[in-house]
Each structure stands twice: as structure tokens, then as C-alpha cells.
Amino acid sequence: MLEFTWAISLNDLAHKMKKVGEFLRKGNRVEVVIGTRKGMAKVKADQANELVAKVRETGTEFGREWKEVDGALGTQLTLFFEGKAPVKAKGDEEEGGNVTKKKKKKKFMTPEELKAEEEAEAAAKREK
């Protein structure tokens, strides 16, 4: 999770977006929370929209939004991104001439997706 305020400087924002990109390239999920601090001046709607657009641009470049935006502009807003799974080279599966069995990487699933997958596995076992 990365947190910053609506009044973030361009250099700080660039650094945070670089971190978001790194996390998403690894296949992680990232929550970006943009909020206010006590006594902080209000930001204009166009500035807030511009900041959200920059965050979304970086997030969708390296991943996708996996959940609806939570909150409101100018107060506290949370954006949810999910990275694309990293791609491994073909040579990674072979060691010393022996082919090793790859473990399935668990991906994040909704409860509905988990139930559907369990039902499919049960049906496949029944067929055998």
C-alpha cells in the first residue's frame, strides 16, 4: 500500500509511481491511497483529477484495476491495482538435463472463482 496526499510534489509522485511500477511488474497487488492531512488546504477538482489520471496511467501500464475506486476526490480515495504475473524464461524449468515439475502459482481469486475451480477439479476427479 502506498499513501500520499493530494498536494504531493511532482518529484515525489514520480518516485511513488516508480515504486508502483516495480510492485506491479512482480505481479503484486497495490493499493494507492490519496488522502488529506489535518489542516491541509483543499485541492481544486482539476488538480485532483489530474493526479488520479497520472496514478491510473501508471497502474494500467503495468497491471489492471481489479476493484472499484473507494472514496471521493479531494478527501480520501483508494485505487486498487493488480500486476501482471512475471514471465519466466523457458530454461528455468530445466536443471541439469532433468525436467523439473513446476508448481502452480496461486493467483488471487474471488470467492466465486475459487468455488468454480473447486467444482471443476471435483468433476475432473469423478471422470477419472
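Is Lys54 buried, partly exposed or exposed, and what is its relative accessible area? Lys54 is partly exposed, with a relative accessible area of 30%; here buried means under 20% relative accessible area, exposed means over 50%, and partly exposed lies in between (1.4 Å probe, protein chains only). The model is predicted, so local features need pLDDT of at least 70 and side-chain atom pairs count only at pLDDT 80 or more, while totals for chains, interfaces and linings use all residues. Residues are numbered from 1 along each chain as its sequence is written, and side-chain values use heavy atoms, with hydrogens and water left out.

Lys54 takes part in a salt bridge with Glu50, in which the closest N and O atoms are 3.6 Å apart. A salt bridge is defined as a side-chain nitrogen of Lys or Arg within 4 Å of a carboxyl oxygen of Asp or Glu. Because Glu50 and Lys54 are 4 residues apart in helix H2, about one helical turn separates them. Helices (H or I, at least four residues) and strands (E, at least two) are DSSP runs, numbered from the N terminus. Glu50 is partly exposed, at a relative accessible area of 47%.

In total, the structure holds 5 salt bridges. Side chains of opposite charge can pair when their charged atoms come close. Arg29, Arg64 and Glu82 are linked in a network of such bridges. Between Glu82 and Arg29, the closest N and O atoms are 3.2 Å apart. This pair links distant parts of the chain, with Glu82 in strand S4 and Arg29 in strand S2, 53 residues apart. The side chains of Arg64 and Glu82 also meet in a salt bridge, at 2.6 Å from N to O. Arg64 lies in strand S3 (residues 63–71) and Glu82 in strand S4, so this pair ties together parts that are 18 residues apart in sequence.

Strands S3 and S4 pair in the antiparallel sense over 6 bridges, pairing being assigned if DSSP finds at least two bridges between two strands. Leu77 in S4 is the bridge partner of Gly71. The hairpin of S3 and S4 has 5 residues between the strands, and Gly74 in this hairpin takes a positive phi near 85 degrees.

The largest nonpolar core has 19 residues. Such a core is a set of buried Ala, Val, Leu, Ile, Met, Phe, Trp, Tyr and Cys residues joined through side-chain atoms within 4.5 Å. Phe4, Val32, Ile34 and Val55 have the most contacts inside the core. At least two core residues are supplied by each of strand S1 (2–5), helix H1 (10–25), strand S2 (29–35), helix H2 (45–62) and strand S4 (77–83). The largest share, 5 residues, comes from H2. Residues up to four places away in sequence not being counted, Val55 touches Phe4, Leu13, Met17, Val32, Ile34, Leu79 and Phe81, where contact means heavy atoms within 4.5 Å.

Val30 is found in strand S2 and counts as buried, at 2% relative accessibility. Its contacts, leaving aside neighbours within four places in sequence, are with Leu2, Val20, Phe23, Leu24, Leu79, Phe80 and Phe81. The C-alpha atoms of Val30 and Trp66 are separated by 9.8 Å, with the two residues 36 apart along the chain.
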